[in-house]
Amino acid sequence: MENDLVINKYEVALFPKDFSTSDFNSLLEEIKKSLVMFADGFNTVIPVPLDAPREIPRILLRSKDNVIACNISLEKVNISWFNRKEIPGFTKSITEINSDIEKLSEILLLHTPTRRMKRVGYIKEYYLVSENPVEVLPNSNIGSKVKENLREFIFQLTYDFSMSMYSNCNKVIILGKGKKQTGEKENVLMLTSDINTLQTKDVSWTTEDIKKFITEADKNSNKNDLYELFLKQDES
């Protein structure tokens, strides 16, 4: 059954250290020139007050087919690759992801005093088509009594997590009921794996460090492993 898990999206979150710019239009053009998938897409600079919170997005970029998206604030930059057509065999190679991240981060780091990232996250989201997503949840994980009248749900599980290239990580697993966005709009179980460096510890990473983190985080977001840990039914 683990082969029924379909990748819904990949996402990388970058937190440049003391990121700042006085010209978002020029920054937008820099990114479009380097990441050519955004060149003919929907891209805009959002007019916000100069004293607006750093978390509010200043730039939105979308590829023409809406498969790749990037949101830029002064605090965080998210770039995502979506399975918009919900193709069962959808995948994005880590080499391609790292290539895009290298181009994006090099531009962002030009606008940071230290040329370092203070925090990084890697998110991989899956879905599993099921008429009744509640039944996919193992009794050993949630309990049969809890499931009896359960209709809508979202669970978030957070762990201390260590990898060989960096030990101070969080691993967040989110399980929830959802709907497919295309086709017959079937019910699905959503499963999200989010591996991120701790908010309390600045990592001060270069682009090469970020790529190493993404590569290892992807291996630790393997769908078969996630299925075994969170969705496999108790055979007893």
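At what angle do the axes of helix H1 and helix H2 cross? In this predicted model, the axes of H1 (residues 24–34) and H2 (residues 94–109) cross at roughly 155° and come within 10 Å. Angles over 145 degrees count as roughly antiparallel, and H1 and H2 are therefore roughly antiparallel to each other. The crossing of the two helices is right-handed. On the H1 side, the residues in contact are Leu27, Glu30, Ile31 and Ser34, which meet Lys103, Leu104 and Ile107 of H2. Classified by residue type, this contact of H1 with H2 comprises four nonpolar, one polar and two charged residues.

The strands considered here belong to an open sheet of nine strands with antiparallel pairing. The strand order is S2-S3-S4-S5-S1-S6-S9-S8-S7. Strand S2 (42–45) and strand S7 (154–161) form the edges, each pairing on one side only. From one strand to the next, the twist averages 10°.

Within the order of the sheet, S1 stands between S5 and S6. Strand S1 spans residues 6–16 and is mostly covered, with eleven of its eleven residues buried. Strand S6 (residues 117–129) runs antiparallel to S1 and is joined to S1 by ten bridges. In this pairing, Tyr10 lies opposite Lys124 of S6. Strand S5 (residues 77–82) also pairs with S1 in the antiparallel sense, over six bridges. Here Lys9 has Phe82 of S5 as its bridge partner.

Strand S8 (residues 169–179) and strand S9 (residues 187–197) are antiparallel and are joined by eleven bridges. One of the residues paired in this way is Lys179, whose bridge partner in S9 is Asn187.

Helix packing against the sheet was examined next. Helix H2, described above for its crossing with H1, lies across S1, strand S4 (68–72), S5 and S6. The direction of H2 makes an angle of about 25° with S1. Helix H6 (residues 207–219) likewise packs on the sheet, where it touches S1, S6, S8 and S9. The direction of H6 makes about 25° with that of S6.

Note on methods:
Residues numbered from 1 in each chain as written. Predicted model: local features only at pLDDT ≥ 70, side-chain atom pairs only at ≥ 80, totals over all residues. Heavy atoms only, no water. Axes fitted to C-alpha atoms, helices over the stretch in contact; angles between N-to-C directions. Helix = DSSP H or I, 4+ residues; strand = E, 2+ residues; numbered from the N terminus. Parallel < 35°, antiparallel > 145°, perpendicular 65-115°, else oblique. Left-handed = near helix turned anticlockwise from the far one by under 90°. Contact = heavy atoms within 4.5 Å. Nonpolar A, V, L, I, M, F, W, Y, C, P; charged D, E, K, R; others polar. Buried < 20%, exposed > 50% of the residue type's maximum accessible area, 1.4 Å probe, protein only. Pairing = 2+ DSSP bridges.
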